[in-house]
Amino acid sequence: MKTFRMIGMAMAAILVCLNFASCDPDSDGSSGGPAGTHGSGGNGGKRLVKFMRYDVVDGKKELNESVEFVYGANGNVTETHEGYRSYIDGNWKTDVYKYVWSSNSSFTTSWDEDEEDKYMLDNGRVSKIVYSSSYDDEVEEYYLDYAKGYIKEYGEYLEGGVRDTYYTYSWIDGKLTSVSAGNEMTTFLYDDKTTKGFFPLLCQCLEGLDETYNLIAQPELVGAKMTNLPTEMTGSYSIMTFEYEFDSEEYVTGCYTRETRDYSSNAQVSYYAFYWE
């Protein structure tokens with residue numbers, strides 16, 4: 001699997017302890033991604049075409065990551081161009097990943113020539129993910145379950161088809177309110193902020209789905225498209241707050257995240273810029 005870079009340690013620190021259980025959502029699920037729809041701009045709205053992440057130190061922004069999305073004729077993302085600053089030499093690098101669609105029933109992507117990930121769709125949403133590697137002929141299979149249009153569970157198929165549930169997501173009135181794992185839980189708080197597009201960081205908050213960057217632009221494929229914008233995310237060891245910027249049409253164009261961990265009084269600040277067309 002590709003190394004997770006986009007949100008980095010900020011999001012991972014909040015979600016690192018989670019191995020999720022189960023809970024039913026309470027909303028009608030329409031914004032989670034209606035069955036059979038593809039491409040978040042397909043209903044006449046704008047599509048997310050680029051997204052950039054900056055570290056903010058002493059008020060100065062330093063670009064560390066970017067993702068550009070290329071769409072096919074059917075509205076699905078077919079390529080992501082992922083730029084990042086190398087931790088080894090500090091130089092800027094760009095990787096291109098392709099997403100090959102078989103009608104609207106599945107898509108595959110490869111991180112290198114020896115690995116392939118296949119995402120199989122049912123009723124317009126990913127229901128099964130198969131990770132395969134020719135290195136050791138290893139195959140891993142994962143499942144996604146939904147309730148009322150929103151993602152409900154994510155887990156792995158074990159031997160004999162037995163399900164091992166990793167993550168469970170709870171929704172109320174179109175808002176992701178918590179992610180649970182046994183005694184561990186991450187919760188989300190909201191005010192009345194909404195956006196005309198969608199919250200573009202949500203899939204990066206969902207452990208297990210955060211490495212497939214096309215889902216950032218097409219969250220409806222995993223029942224995670226929401227227009228409500230969280231103001232705070234609280235985990236076992238840290239709190240992250242969100243502050244948004246909007247364009248004249250109420251699309252989110254910028255977001256500051258500030259994360260404070262239990263063992264430190266200093267906040268780690270990042271800035272995300274979003275481009276819609």
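**View 1. The largest nonpolar core and a second, separate one.** The largest nonpolar core of the model is made up of 57 residues, and within this core Tyr 154 and Leu 176 have the most contacts. Strand β11, which spans residues 163–172, supplies the largest share of this core, namely 4 residues. Leaving aside residues up to four places away in sequence, Leu 176 touches Tyr 169, Ser 170 and Trp 171, and also Phe 188, Tyr 190, Leu 202, Leu 206 and Met 226. Apart from this core there is a second, separate one of 7 residues, among them Met 52, Val 56, Tyr 271 and Ala 273. As a general background, nonpolar side chains in soluble globular proteins tend to be buried together.

**View 2. Strand β16 and its two partners.** Strand β16, formed by residues 252–261, is mostly covered, with 7 of its 10 residues buried. Strand β15 (residues 238–246) runs antiparallel to β16 and is joined to it by 9 bridges, and in β16 it is Arg 258 that stands opposite Thr 241. The hairpin of β15 and β16 has 5 residues between the strands, and in this hairpin Glu 250 takes a positive phi near 75°. With strand β17 (residues 268–276), β16 pairs over 6 bridges, again in the antiparallel sense. Here Thr 257 stands opposite Ser 270 of β17, and the hairpin that β16 and β17 form has 6 residues between the two strands.

View 3. Across the whole structure, a search finds 21 aromatic pairs. In one of these, the ring centres of Tyr 54 and Tyr 271 lie 6.1 Å apart and the ring planes meet at 45°, so the pair is described as tilted. This pair links distant parts of the chain, because Tyr 54 belongs to strand β1 (residues 48–57) and Tyr 271 to strand β17, and the two are 217 residues apart. Both tyrosines fall under the 20% limit for buried residues: Tyr 54 has a relative accessibility of 17%, while that of Tyr 271 is 8%. Elsewhere, ring pairs link Tyr 131, Tyr 142, Tyr 154, Tyr 166 and Tyr 167 into a cluster.

**View 4. The whole chain and the confidence of the prediction.** The secondary structure of the chain comes to 3 helices and 17 strands, and of its 277 residues, 51% count as buried. Among the contacts between residues at least 6 apart in sequence, 51% join residues that are at least 24 apart. The mean pLDDT of the chain is 84, and 83% of the residues reach 70 or more.

Notes: Residues numbered from 1 in each chain as written. Predicted model: local features only at pLDDT ≥ 70, side-chain atom pairs only at ≥ 80, totals over all residues. Heavy atoms only, no water. Core = buried A, V, L, I, M, F, W, Y, C linked by side-chain atoms within 4.5 Å. Buried < 20%, exposed > 50% of the residue type's maximum accessible area, 1.4 Å probe, protein only. Contact = heavy atoms within 4.5 Å. Pairing = 2+ DSSP bridges. pLDDT = per-residue confidence, 0-100. Phe/Tyr/Trp six-rings, centres within 6.5 Å; stacked < 30°, edge-to-face > 60°.
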